[in-house]
Amino acid sequence: MLTRRIRVVFTSSRDAGSRVRSLENYFYSIFSNSAKLNRGRASLESILTTAQRLNSDFLCIIESRNGNPSTIKLFSLSTFQLKYAFEIRGLSLYSDKGIPHKFQFSRPYLNYVETACEQVKWFLIDLGAIINERGKIKVNIKQEEKNCRVIFSSEQEIILSLLLHNILEQ
């Protein structure tokens with residue numbers, strides 16, 4: 001029996017709103033080597049243990065504030081340490097245009113990365129993005145003031161746009 005390697009497990013904070021779940025679904029669809037866990041009332045320790053039992057490298061938690069995605073945190077499952085934390089200062093989903101999300105892509109590639117956004121680049125590589133090959137999803141990362149704009153696109157359509165602020169470098 002063949003099984004695929006799970007690099008990252010995505011989950012949300014408790015009582016996540018629909019927009020948080022949508023972002024989680026986008027990440028799950030974009031990063032093909034991932035899995036998704038419904039958080040429910042499970043504790044962080046329980047979620048970390050489940051992700052580790054799946055032999056995953058990372059656990060990515062999308063937290064919410066007032067029903068909207070507010071923070072993305074990536075935990076290393078080999079050390080149980082927080083590796084990256086980004087405040088979400090802006091979010092645009094393809095489904096915001098009234099078009100349902102039906103994407104199933106594999107391995108986004110980093111097309112352009114500005115030097116000031118190196119931490120975001122490494123975060124995406126840990127999620128499964130590639131650098132030296134072309135794929136179906138192109139990712140551009142540009143600095144906007146003290147934030148990084150991350151744009152996932154397919155051909156000429158923007159699928160997902162995030163404005164991230166690194167909260168570990170404050």
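## Overall fold

The chain contains three helices and nine strands; these elements are DSSP runs numbered from the N terminus, with helices (H or I) of at least four residues and strands (E) of at least two. Starting at the N terminus, their order is β-α-β-α-β-β-β-β-α-β-β-β. The radius of gyration is 15 Å, close to the 15 Å that the globule rule gives for 170 residues, so the chain is as compact as a globular protein of that length. This radius is taken over C-alpha atoms, and the rule is 2.2 Å times the number of residues to the power 0.38.

The model is predicted: local features need pLDDT of at least 70, side-chain atom pairs count only at pLDDT 80 or more, and totals for chains, interfaces and linings use all residues. Residues are numbered from 1 along each chain as its sequence is written, and side-chain values use heavy atoms, with hydrogens and water left out.

## Burial and contacts

Of the 170 residues, 48% count as buried, that is, under 20% relative accessible area with a 1.4 Å probe and protein chains only. Among contacts (heavy atoms within 4.5 Å) between residues at least 6 apart in sequence, 62% join residues at least 24 apart.

## Leucine 48

Leu 48 belongs to helix H2, which covers residues 44-53. With a relative accessible area of 10%, Leu 48 is buried. Apart from neighbours within four places in sequence, Leu 48 is in contact with Leu 59, Phe 75, Leu 77 and Phe 80. Between Leu 48 and Phe 123 there are 75 residues in sequence and 18 Å in space, C-alpha to C-alpha.

Conventions. Buried < 20%, exposed > 50% of the residue type's maximum accessible area, 1.4 Å probe, protein only.
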